[in-house]
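This report describes a structure in terms of its chains, its domains and the packing of its helices. The sequence and coordinates are shown first, and the description follows.

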Amino acid sequence: MSVTAEQQDMIDAARAMAPTLLDRARHAEENRAVPRETFDEFTKQGFFRIHQPQRFGGKGWDISMMVRLGAELGQGCGSSCWIFSNLAVQNWILGMNNPEAQEDVWGDNPTALIASSFPAKGGRVERADGGLIANGLWSFASGVDFADWNNMQVFVPPENGEGPPEHRFALVPRSDYEIEDDWFSPGLAGTGSRTIRLDNVFIPEHRTIPSTKLMGGPSPGSEINPGALYRVPPLTLGTKVFAAPALGIAKGGLAMIENDLRSRNTVGNAPMAELPTAQARISEAGAEIEAAEALLLKDCADAMAIAEAGEVPEIDDRARWRRNNAFAVQLCVRALERLNPLVGARGLTPENDFLRMFRDVHAASLQITVAWDIQAVNAGRIRFGLPSLDPRV
Amino acid sequence: MADGNATLAEKQSRHDEFVSIARSFTETFRERASEAETNRRLHRETHEAMRDAGLYRIQMPERYGGFEMSHRTMLDISVEIGRGCGSSGWIFSNITAQNGIVSMASRQAQDDVWGEDGSVCTASSFPAKGGKVERVDGGLIANGIWSFASGVDWADWNNMQVFVPQEGGGVAHHMALVPKSDYRVIDDWYSHGMAATGSRSIELDNVFIPEHRLLNTADARAGTTIEASENFGPIFRVPPMCGANKIFSGPVIGMARGALDAIERDLSTRNNVAGVPMATLTTAQMRVAEAGALIEAAWALMQRDCDVALEIGEIGRPTTVDDRAFWRRNNAYAGVMCVKAVETLHPLIGARGLTPESDFMRAYRDIHAATMQINMAWDRHAITAAELQLGLPPTDPRA
């Protein structure tokens, strides 16, 4: 898939921003928040609206643009990139949601942004007349500092008390939750992916959507948003939201090491660049990162081709995209692991950019939809015709 | 069509058509693969099926009935064929790529090869056993043995790699075309991997090669041979040593896919000694997933490099040493990933797989042999790319 001139301009803008993001990255990490000026610049460039439906003023561009922009922004600051991709992806997911929910969020404010969260600390919902009642904590709300809404992942108890709970997304406005400042992660610290607390909040039915309606093919939102993008499954192809920053971070890490090695000598006063062991590490890391990028873009192209042909992806495709996505993140982690010995003990400072990227890529790889063990096993099971272990695949 | 006359949609549909023909061969070629290995040559029907379907012509000039298609098409076809039989994939891509390289030689050389019959095939060879050329009036004299002539069983010509001594010392790398009447085939291909390629040696005794049948590869790289070749299409602007190295990675990706197919087939029905279906073992699921991801990443990387090379060819700018070094690095790395994939799968075959007929074990042998080809040698290409990345001059003369 080639990019248009307008898309290339945005990619170039992201590339031009990376050095500034790098300058601010240490500060963002210490503050455990992306600076407001970075957020404002992203807003001004239109980064958050790349996947938003055109009827609300968005671009409606395919998911490869998230990968392409992430590959640039992540080279400066992994956390800023993560906030970009997480807020941008929610605008895509809302485009597939019930038209009434889209109107609730964007009707008065088409630039409203949505973060997301997961009930890792035990938030619960119960069924109520006309909707759900939510209580407790939802975590990992990347982008919560800038969001007007939160699209929570919820597990709805079965109606008759039997069988597994139903996985849904449930939208709540900013006025419905408190933010708990509990994000003290050693990696991706700048994302400020804090927890939100809900106390007996009613969520109307139309603001909830079961993930089974987001498996590719027509979605509730595709009735009003005709582009093929709104027929691509967000829970499988959309996991690029986590791989895109990992790709950018890995590229940034490689660039740090390259620049360092160009001017550094060993204790024996030999140029580091002439050491074949250093060269082999540089090349293998570079090839791993390029393979990760090619794989991510190929998945995006495959998914769009299926949607454009009016077809529905098979479960084998969906599991394969998740597998490939997790594998791409693995390649990025391996690349920085491979480069780590070249930093040397001189790099062991809190300000070291490579080591922040090293922390960030490892943190990114813990997100469950890019966790290799889980995605690999599930994809392997599906290859053998066994049932999926994850209801969201 | 040449020179961008075909629309993108037409090109894509022709690409899809050729790949689908190749896919229709996969199973038949797989059934023949074990016998071909024993014979140390492909079945004549295999060669004729590929020839008659026009697969060898995808990189030939339209003037001779060719299609002038991207390296991407060659790559994707060789993946499908190599999936059934690695050696068949290798012969397909080697003959096809030579047609592309012959197209970079002089118009007269192309007429010599295809003037009467556009289906004539050309193999290639390398002087690993010490073949030598010397300069004479109007051309070269060649003596000795040139090896690894994949496709020699089906070829009427051989495009030999030669190192021509230069007046000021040193050598210049050329391709030199000789008709089959000029050489004798030596049956010395007893490799345990890719046995069916029949990549035998040829011997030349005092053979004169006229100047117009020589292609200086440094000139081809610089784009200065285009005028004389009269082939102006974008694929002929991609230098032979970087576009065409997909000759080797394409079949390798196919072999890895074939190996994965064999394991998936086997594990879908097999129980372990405790009566538990192998497919339910988490370790087996992990291995299948990792191999699948490695192979798909390798393929995506090669497709992307083909697309980028064609874009550069279409713009018409000469490639830079960086372009070439990173393509070659990636090409070798695709091989590394595919070898890792079959190594990852290997423990799943079990001792029951230790038979001469096992599809998995043949793919495993083939892929290890295929990655010995110097274009697939990771150590070599990793270092060259890193040298450039770190601002040092490249130590590989062909970079």
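Of the 393 residues of chain A, 54% count as buried. The model is a predicted one, and every value given here is computed from it.

**The two chains overall**

Chain A contains 10 helices and eight strands, while the secondary structure of chain B comes to 13 helices and eight strands.

| Chain | Residues | Buried | C-alpha span along principal axes |
|---|---|---|---|
| Chain A | 393 residues | 54% | about 75 × 45 × 45 Å |
| Chain B | 399 residues | 53% | about 75 × 45 × 45 Å |

How does the radius of gyration of chain A stand against that of a compact globule? For 393 residues, a compact globule would have a radius of gyration near 21 Å, and the 21 Å of chain A agrees with this.

In chain A, among contacts between residues at least 6 apart in sequence, 75% join residues at least 24 apart. In chain B, 75% of the contacts between residues at least 6 apart in sequence join residues at least 24 apart.

**Domains of chain A**

Chain A is divided into domain 1 (5-111), domain 2 (114-213) and domain 3 (237-383). The C-alpha centres of domain 1 and domain 2 of chain A lie 21 Å apart. Their contact takes 25 residues from domain 1 of chain A and 21 residues from domain 2 of chain A.

On the domain 1 side of this contact, helix H1 (5-31), helix H4 (78-95) and helix H5 (99-106) of chain A each supply at least two residues. Which of these gives the most? H4(A) does, with 11 residues. By class, the residues on the domain 1 side divide into 13 nonpolar, eight polar and four charged.

**A buried helix in chain A**

Helix H3 (residues 64-73) of chain A has 10 of its 10 residues buried, so the helix is largely enclosed by the rest of the structure. The buried residues of H3(A) include A:Met65, A:Met66, A:Val67, A:Leu69 and A:Leu73. Among the buried residues of H3(A) are also A:Arg68 and A:Glu72. What do the buried residues of H3(A) pack against? Their partners are H1, H4, helix H6 (240-263) and helix H7 (276-308) of chain A.

**Contact between the chains**

In the contact between the chains, 34 residues of chain B meet 29 residues of chain A. Helix H9 (246-269), helix H10 (282-315), helix H11 (321-345) and helix H13 (378-389) of chain B are the elements that give two or more residues to the chain B side. H10(B) provides the largest share of that side, 16 residues. The chain B side as a whole divides into 19 nonpolar, nine polar and six charged residues.

**Packing of H10 within chain B**

H10(B) also packs against another helix of its own chain, helix H3 (residues 71-84) of chain B. The angle between H3(B) and H10(B) is about 155°, and their axes are 8 Å apart. Angles over 145 degrees count as roughly antiparallel, and H3(B) and H10(B) are therefore roughly antiparallel to each other.

From H3(B), the residues B:His71, B:Arg72, B:Leu75 and B:Val79 take part. In H10(B), they meet B:Trp299, B:Met302, B:Gln303, B:Cys306, B:Asp307, B:Ala309 and B:Leu310. The contact of H3(B) with H10(B) has seven nonpolar, two polar and two charged residues.

**Two loop residues with positive phi**

A:Asn269 has a phi near 65°, a positive value in a residue other than glycine. This residue is placed in the loop between H6 and H7 of chain A. Is A:Asn269 buried or exposed? A:Asn269 counts as exposed, because 6 C-beta neighbours are found inside 10 Å.

In chain B, B:Phe148 has a positive phi of about 60° although it is not a glycine. B:Phe148 lies in the loop between strand S3 (139-146) and strand S4 (157-165) of chain B. With 23 other C-beta atoms within 10 Å, B:Phe148 is buried.

How values were computed: Residues numbered from 1 in each chain as written. Chains lettered and ligands numbered in written order. Predicted model: local features only at pLDDT ≥ 70, side-chain atom pairs only at ≥ 80, totals over all residues. Contact = placed C-beta atoms within 7 Å. Helix = DSSP H or I, 4+ residues; strand = E, 2+ residues; numbered from the N terminus. Nonpolar A, V, L, I, M, F, W, Y, C, P; charged D, E, K, R; others polar. Domains from an automatic or database assignment. Buried ≥ 20, exposed ≤ 12 C-beta atoms within 10 Å, placed from the backbone. Axes fitted to C-alpha atoms, helices over the stretch in contact; angles between N-to-C directions. Parallel < 35°, antiparallel > 145°, perpendicular 65-115°, else oblique. Rg over C-alpha atoms; globule rule 2.2 N^0.38 Å.
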